[in-house]
Amino acid sequence: MDAPKKVVLAYSGGLDTSIILKWLQTEMGCEVVTFTADLGQGEELEPARKKAEMMGAASIHIEDLREEFVRDFVFPMFRANAVYEGLYLLGTSIARPLISKRLVEIAEQEGADAVAHGATGKGNDQVRFELAAYALNPDIKVIAPWREWDLTSRTKLIDFAEKNQIPIAKDKRGEAPFSVDANLLHTSSEGKVLEDPAQDAPDYVYQRTTNPEDAPDEPQFVEIGFEKGDAVSIDGQAMSPAEILTRLNELGGQHGCGRLDLVEGRFVGMKSRGIYETPGGELLLEAHRGIEQITLDRGAAHLKDELMPRYAELIYNGFWFSPEREMLQAAIDRSQEHVTGTVRLKLYKGKARTVGRWSEHSLYSEAHVTFEDDAGAYDQKDAAGFIQLNALRLKLLAARKRRLKG
């Protein structure tokens, strides 16, 4: 690969990406443009701007992408009820395609010939960033310093930072206790004290959720309104997508909802242990399934559940911009035409549970399921023929088995 002249770096303002910024300048001779995305990670981003200015960034982009993140990435994913390996709500995975999208767009805007990220060569994020970038611009160059440089230890990183006058926070001189990724959907904590999956995660790892044992002793009820599969209101108050997820995070976090200790199978082949907190996501998933229970036909619901693991795996593995994900999304979105109504959740001691749901689009018919007189809504005699037709092949199989055995 020819040496790039101008690079757009996904920049957090932290020590690692600051070292990458300087490494691109000094070791590769690149002009560096920084891009910092506000995805709701809960950190002040202006320090990142000041640090990038101090380090001589050619141009600095800081963007509030919270609404786009929830509206165009999180909500479409939740229409599918997507969970990876049955448990993980894909909080890190779903943020990467948006960051890559803006990296590529800024590169075109700035006339840059490359983008760079701070993902390591062991994780999934390198795959997600790069697959998305290549899907959007097949000619883009991607620089992944962790796969190229010789700064292979914390000591070497600190030495490089000191040599290049990069400010180092006191808590960064030693080994960090664990690594954190955060956005409006979740927090993810990995590494160091969490690397032994046999050991409980320390309490200090959890950042967004109350310990369920310490959560309020009284339950709280919340009503979430949906239109065509997307949440649009909380307790009758209309809100934007990002406002809804922010409020659900607050409610779920107060009641200890959304904690997950998971050993997952990474796309690159190894297993890793992570501690995830997705309080708003857990409420959203439970409520979405609740409204689908009364508005989605059984055949469509069961087909969705069959497609979901494949859809979730595509997102986890970095194929958001692939044709197969878009094909599945089209089917999922078509299924949501009548997924409109309201769900009441009960939040209590780490659990969000559906306790009520109603909709003008409901398929639920009390007349058909009542244990009282149904006034002719359903003829129970019809069930006999239905059973006989479905039993025919089973009878033939049993008859053959008896005949051969005899």
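## Threonine 120 and the annotated site

In this predicted model, threonine 120 lies in the loop that runs between strand 4 (114-116) and helix 5 (125-136). Threonine 120 is partly exposed, its relative accessible area being 38%. Not counting residues up to four places away in sequence, threonine 120 touches Gln126 and Trp146. An unreviewed UniProt entry carries the annotation "binding site" for Thr120, Asn124 and Asp125.

Asparagine 124 also has its place in the loop between strand 4 and helix 5. Is asparagine 124 buried or exposed? Asparagine 124 has a relative accessible area of 7% and is therefore buried, the limit for that class being under 20%. With its neighbours within four places in sequence left aside, asparagine 124 is in contact with Glu264, Arg266, Phe267, Val268 and Tyr316.

The protein chain is divided into two domains, each made of two segments: domain 1 covers 6-66 + 94-172, and domain 2 covers 179-296 + 338-358. Taken over C-alpha atoms, the centres of domain 1 and domain 2 are 29 Å apart. Twelve residues from domain 1 and twelve residues from domain 2 take part in the contact.

The size of an interface is often given as the accessible area lost when the parts come together. For domain 1 and domain 2 the buried area is about 900 Å², with 57% of it on carbon and sulfur atoms. On the domain 1 side, Gln41, Lys122 and Asn124 lose the most area to domain 2, and together they account for 40% of what that side buries.

## Polar and charged pairs between the domains

Between domain 1 and domain 2 there are five residue pairs in polar contact, counting pairs with both residues at pLDDT 80 or more. How many salt bridges cross the interface of domain 1 and domain 2? One salt bridge is found there.

Arginine 96 and aspartate 181 form a salt bridge, with 3.0 Å between the closest N and O atoms.

## Salt bridges around arginine 66

The structure as a whole holds 24 salt bridges. Side chains of opposite charge can pair when their charged atoms come close. Aspartate 38 forms a salt bridge with arginine 66, the closest N and O atoms being 3.8 Å apart. This pair links distant parts of the chain, with aspartate 38 in strand 2 (residues 31-38) and arginine 66 in helix 3 (residues 66-79), 28 residues apart. Aspartate 38 is buried at a relative accessible area of 16%, whereas arginine 66 is partly exposed at 34%.

Arginine 66 also meets aspartate 64 in a salt bridge between their side chains, at 2.7 Å from N to O. Aspartate 64 counts as partly exposed, with 48% relative accessibility. A network of salt bridges that share partners joins Glu63, Glu68, Lys101, Arg102 and Glu105.

Arginine 49 forms a salt bridge with glutamate 46, and their closest N and O atoms are 3.0 Å apart. Why are arginine 49 and glutamate 46 separated by about one helical turn? The reason is that they are three residues apart in helix 2 (residues 46-54). Arginine 49 is partly exposed, with a relative accessible area of 26%, and glutamate 46 is partly exposed as well, at 35%.

Most residues other than glycine have a negative phi. Aspartate 235 has a positive phi, near 50 degrees, and is not a glycine. Aspartate 235 sits in the loop between strand 9 (230-234) and strand 10 (237-238).

Lysine 349, likewise not a glycine, has a positive phi of about 50 degrees. Where is lysine 349 found? Lysine 349 is in the loop between strand 13 (341-348) and strand 14 (351-358). The relative accessible area of lysine 349 is 25%, so this residue is partly exposed.

Definitions and conventions:
Residues are numbered from 1 along each chain as its sequence is written. This is a predicted model: local features need pLDDT of at least 70, side-chain atom pairs count only at pLDDT 80 or more; totals for chains, interfaces and linings use all residues. Side-chain values use heavy atoms; hydrogens and water are left out. UniProt positions are given in the numbering used here, feature names are shortened, and annotations may be inferred rather than shown by experiment. Helices (H or I, at least four residues) and strands (E, at least two) are DSSP runs, numbered from the N terminus. Buried means under 20% relative accessible area, exposed over 50%, partly exposed in between (1.4 Å probe, protein chains only). Contact means heavy atoms within 4.5 Å. Domain bounds come from an automatic or database domain assignment. Buried area is the accessible area (1.4 Å probe) that two parts lose on being put together, summed over both. A salt bridge is a side-chain nitrogen of Lys or Arg within 4 Å of a carboxyl oxygen of Asp or Glu. A polar contact is a pair of N or O atoms within 3.5 Å; within protein, one must be able to donate a hydrogen and the other to accept it, and residues adjacent in sequence count only if both atoms are side-chain atoms.
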